[in-house]
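Please read it alongside the sequence and the coordinates.

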Amino acid sequence: MTAFSDVRVIDLSTGIAGPFCSKLFADFGADVIKVEPPTGDESRRLGPFPDDEDDPEASGIFQYLNTNKRCVTLDATTPAGRSLLRELIPEAGIVVESYPPEAMRQMGFGYSEIRKLRDDAILVSITPFGQTGPWRDYQATDIVQYAASGIGYVNGTPDQEPLKEPGNQSHFHAGTCAFLGAATALIYRDISGVGQQVDVSTLEAVTAAFAPQLLASQHTGVSQKRRFPGLPSGLLPCKDGYVALNVRHQPTWAHLWLFFEEPEIADDPRFATPEDRRANTAELAELITPRLERFTMQELYHGLSPLRINVGMTLDIEQLVNDEHMIKRGFFVPISQSSQNGKSETQKMPGAPFKMSATPWEIRTYAPSLGQHNSEVFGQMLGHSDQQLDQWRNEDVI
Amino acid sequence: MSSKLPLERLRAVVLTQAWSGALTTQLLANMGAEVIQVEALSRPDVWRGGYPPHNRGQYPNGEPGTRPYDRNALFNAVNTSKLGITLDLNSEEGKSLFLDLVSTSDLLAENYSARVIPNFGLEYPMLRQINPTIIMMRMPSFGASGPYAMYPGNGGTTEPMSGISSLLGYPDGQPMNSGTMHTDAISGMMGFAALLIAIRHRARTGKGQYIDLSQQETATTYITDQILEHTVGGRVPQRMGNRDRRMAPHGFYRCRGEDSWVAIAVRSDTEWERLCEVMGRPELASDVHFATAEDRLQHTEKLDSIVQSWTLNRDSTKTAEVLQAQKIPSSAVMKALEVPENPQHKARGFFETVDHPATGPYSIAGVPFSLSETPGRIHRPAPTLGQHSEAVLKQHLGVSDSEYASLESQGVTGDDPGDD
């Protein structure tokens, strides 16, 4: 038995956040039915695609986000589509959606309507800024979230513009928080029989990742600023890349100079204590940088780590995917049936986000093709005839 | 509003510290679990900022006070709603009391380097003998298994090891770490996801389990789209500053005032047309150089200088409001002190005020998901060092007054780190 083998989720969401939330349910055992418009979810067009050839069944991000899910198509803008959705919702205890605020209600699927269809339903809504408040109808992309959360302001150097986080991490933050809210609500429903509404604001999810620094700024009365990279904790150049090096603590300072085979420098009075080293970072960098440049990232990482020195290699994405530790832990997994069969074995994606002994993450099925489970769900589960399904197909309802 | 908290039947004994693990168990506590945070008087949580005279932290009004470790912002921000006790796990008595707590708890979480738990003799097979249904989560930087497991790590080294730092930076500039210990927040949230899965499985089956979370892997998960650029798209993604592969204009543009910026992202041709209108440059909308996203991406530099010449003498907040009125994604780049003042946060009550005995009231970001029936909340401030040692040991473990006094005098527990 998996953690969610008794749970069914209807996922009406698009983009990354909602599908990432329902992926966590699916990958740990839930039956997730992804509802797409007959034209397909936008993420089928996002890519990246093998050989850069557009193919709605081969979009990398779609394949990642939709492992272990079933897919039905349904046009919720038509009365027949909405009627089908009304039949589907009572079969599921959890509904995930990412429409703009009020859109679900306008389609007849506000929380009170969903409660009428299934009294203990959990409705998970993910929007850029939440279902309430003066910003609720504001538009956002990833960069806007890194502006509004304050995180962007502290990324980068003081002499240049602030920097957003790379990729689309705000959506992953929002998807994780949606899962946290939904799973908590599920655990409470198990005890009480009571469902509820989960309102996730992407901005709040991202801002929570800045909470300690926000409090620190309140206490000091000064907003945290951008810093130049370098010591004490920035990335430093070495022979073939950059390493993070942290030598704050006393024994590790001595160990560093043992590694460089110049132990006497550890006693240099200019750098004797952590306070001295913080006060003399420029001189310290002059001392350390030429020595780091004699070594590769690998040499430094495997040489210094056993000495209890905090050191990190700045891995690019190719190095990361081929990293020995990642490979031994089996983190990256095939993205599809064909890559599993070795036809395109470089096509990998992140696998288990954490390793659980009793309820392990697993791929039971790869991402579904568009409408792959229409017959299974609308026919076998809801009891509609093949003829009816054909008619809906002809009318572009499914 | 119901006063119920959804996880109030659970007890966790935790060795979480600094940010990542502390955030996981803070979420657990805010949702109602009784979380007993265990520190040692000889080795308090590093985010307490250390003992005088070597303490270093961010204290209210810059005043460390006599117990600076009770006043540091970082610790107090990520340990709300928990109980705090001290136990010396290197002493026989301390370890025995810790195991007593394990036997009466549902969960144990920790984020030490992977070598620490074996050194304490607290590995899962042993703990399971004491409590067969315990959920144990370990979350070291590189996980509890694999070739790098025994290497030390922290947010500053996990970020470059996760691939994120290779992508953060200016085009043609060097890689950078985020201005926060960015990966800690990711693993902290994902850690709570793992615990919730285990909690539900335990409620259904009565079975505990062991969780091995690698902070490197959870961080990498958050840049999956960039991983796929390589594994599916065949490219090694590079640093591109604030630029985007599909959208232009897209960036932080300089505004009036010191270090003031506004974020603008144009998702479509119609948004571009509306931006041209707003900028008072309607003729640009029909300029063939900027007609499609592809055209605009090709002429990004020209485009950025046009947009910046418009933003340069404008107020960042007002500029974002004007753009949002036209449904164009935008926000001022907020400075830390401005964030809690955002009218959106005020309206939703996202920041909660906590009255801490050692600092007075402060406001802190709350629970990042709103549940209508059982909203989590900060129900007590972060504990001062050892604040609940006496109450927990006496009430939960039946330690007598005289036993407690003796443990305290030996430095096994208590709330006073002494003089050295």
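The model is a predicted one, in which local features need pLDDT of at least 70 and side-chain atom pairs count only at pLDDT 80 or more, whereas totals for chains, interfaces and linings use all residues. Residues are numbered from 1 along each chain as its sequence is written, chains are lettered from A and ligands numbered from 1 in the order in which they are written, and side-chain values use heavy atoms, with hydrogens and water left out.

An open sheet of mixed pairing is formed by seven strands, in the order β3(A)-β2(A)-β1(A)-β4(A)-β5(A)-β6(A)-β12(B). Its edges are held by β3 (69-73) of chain A and β12 (370-371) of chain B, each of which has a single partner strand, so one side of each is left without a neighbour in the sheet. Within chain A, A:Val32 has A:Lys69 of β3(A) as its bridge partner. Helix α1 (residues 17-27) of chain A lies across β1 (8-11), β2, β3, β4 (94-97) and β5 (122-127) of that chain, at about 165 degrees to β1(A); angles run from 0 to 180 degrees between N-to-C directions, and axes are lines fitted to C-alpha atoms, for helices over the stretch in contact.

| Strand pair | Bridges and sense |
|---|---|
| β2 (residues 31-36) of chain A with β3(A) | five bridges, parallel |
| β1 (residues 11-15) of chain B with β2(B) | four bridges, parallel |

**Chain B**

Chain B has 17 helices and twelve strands, and its C-alpha atoms fill a box of roughly 85 × 45 × 45 Å along the principal axes. Of its 420 residues, 62% are buried, that is, under 20% relative accessible area with a 1.4 Å probe and protein chains only. In strand β2 (residues 34-39) of chain B, five of the six residues are buried, and B:Ile36 of this strand stands opposite B:Val13.

Helix α1 (residues 20-30) of chain B packs against helix α8 (residues 182-205) of chain B at an angle of about 45 degrees, the axes being 7 Å apart. Residues in contact (heavy atoms within 4.5 Å) include B:Leu23 and B:Leu27 of α1(B) and B:Phe192 and B:Leu195 of α8(B).

Definitions and conventions. Pairing = 2+ DSSP bridges. Helix = DSSP H or I, 4+ residues; strand = E, 2+ residues; numbered from the N terminus. Buried < 20%, exposed > 50% of the residue type's maximum accessible area, 1.4 Å probe, protein only.
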